[in-house]
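User: I have a model open and want to learn how to read it. Please take me through its features one at a time.

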Amino acid sequence: MKNTIKILAAAIVIVSVISCQNDKKPNYQYMPNMYESVGYETYGEYSVFPGEQEAMRPVEGSIPRGWMPYDFENSNEGYQLAKDTLKNPIKYTKENEEAGKALYDIYCAICHGAKGDGKGTLVKREKILGVPSYDDVGRAITEGSIYHVMYYGINSMGSYASQTSEHERWQIVQYVEKLKADLEGKTPRIDTDVASVETPNIVAKEEEHQETTEEHKEAH
Ligand code: HEC
């Protein structure tokens, strides 16, 4: 009799202990800090943060790595200022011109035409109106204004800031200026002093930049 009570008591203890087991959860955490981090989890919800979100917007004025701020405003004044003062920082070499042509043929020729006369395929098919020729006297485009309209777009022409890097946009600017010169019957600008003027340092910098844009493209 005594034994039966003992066995029964042991059985009750075992059953009650086992019944608490839950396979879906860790049972005992001897050192909970190893499981539950004391730091905030990425994208976690915590009441201490605004909106209870660990992930917050970057501080105003933050600049993404590799991105250069563009100082001219998207306004008529900004356009005029860029037109008058903004200069192309790259050297006008044959290589930059060729790179500019390749990009121009991809992004711009469909409207502006391969020669820049405003007679691209979409214009011929009457899909878009009002595409000017680059030698349009009334517009008198400059290196700064070409860059500016590529950056922000202008009326029915969209922005190319997301498809192209800063360096690529300047290469396109060189090529648009070449098309303009061709249309006007002038000689396009080519810098012949490149080798003598540029210090090896600058050359290395240019190459480095091109590498980063390559990497950038691969990342996408
Ligand atoms: C979808 C057609 C289209 C494409 C593609 C396009 N443009 Fe334009 N572009 C226009 C139109 C339309 C205008 C005239 C906008 C206006 O002033 O109303 C214009 C105007 C311009 C002007 C003159 C702006 C001024 O200062 O008056 C330049 C320079 C120019 N585009 C360059 C480019 C370059 C460079 C590319 C390629 C990166 C490009 N465009 C791609 C349609 C296009």
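User: How do the axes of helix α3 and α7 cross?

Analyst: Helices are DSSP runs (H or I, at least four residues), numbered from the N terminus. Axes are lines fitted to C-alpha atoms, for helices over the stretch in contact, and angles run from 0 to 180 degrees between N-to-C directions. Angles of 65 to 115 degrees count as roughly perpendicular. In this predicted model, the axes of α3 (residues 94-107) and α7 come within 7 Å and cross at roughly 95°. The two helices are therefore roughly perpendicular to each other.

User: Which residues of α3 and α7 make the contact?

Analyst: Contact means that C-beta atoms, placed from the backbone, lie within 7 Å. On α3, the residues include Ala 99, Leu 103 and Tyr 104. On α7, Ile 172, Tyr 175 and Val 176 are among them.

User: What surrounds the ligand?

Analyst: A residue counts as near if its C-beta atom, placed from the backbone, lies within 6 Å of the molecule. Here 23 residues surround the ligand; the closest are Tyr 107, Cys 108, Cys 111, Asn 155 and Met 157. Helix α6 gives the largest share of the shell, four residues.

User: Where is confidence lowest, and where highest?

Analyst: pLDDT is the predictor's confidence in each residue, from 0 to 100. The lowest mean, 51, is in α9 (residues 200-219), and the highest, 98, is in α6 (residues 143-152). The chain averages 86.

Definitions and conventions:
Residues numbered from 1 in each chain as written. Predicted model: local features only at pLDDT ≥ 70, side-chain atom pairs only at ≥ 80, totals over all residues. Parallel < 35°, antiparallel > 145°, perpendicular 65-115°, else oblique. Contact = placed C-beta atoms within 7 Å.
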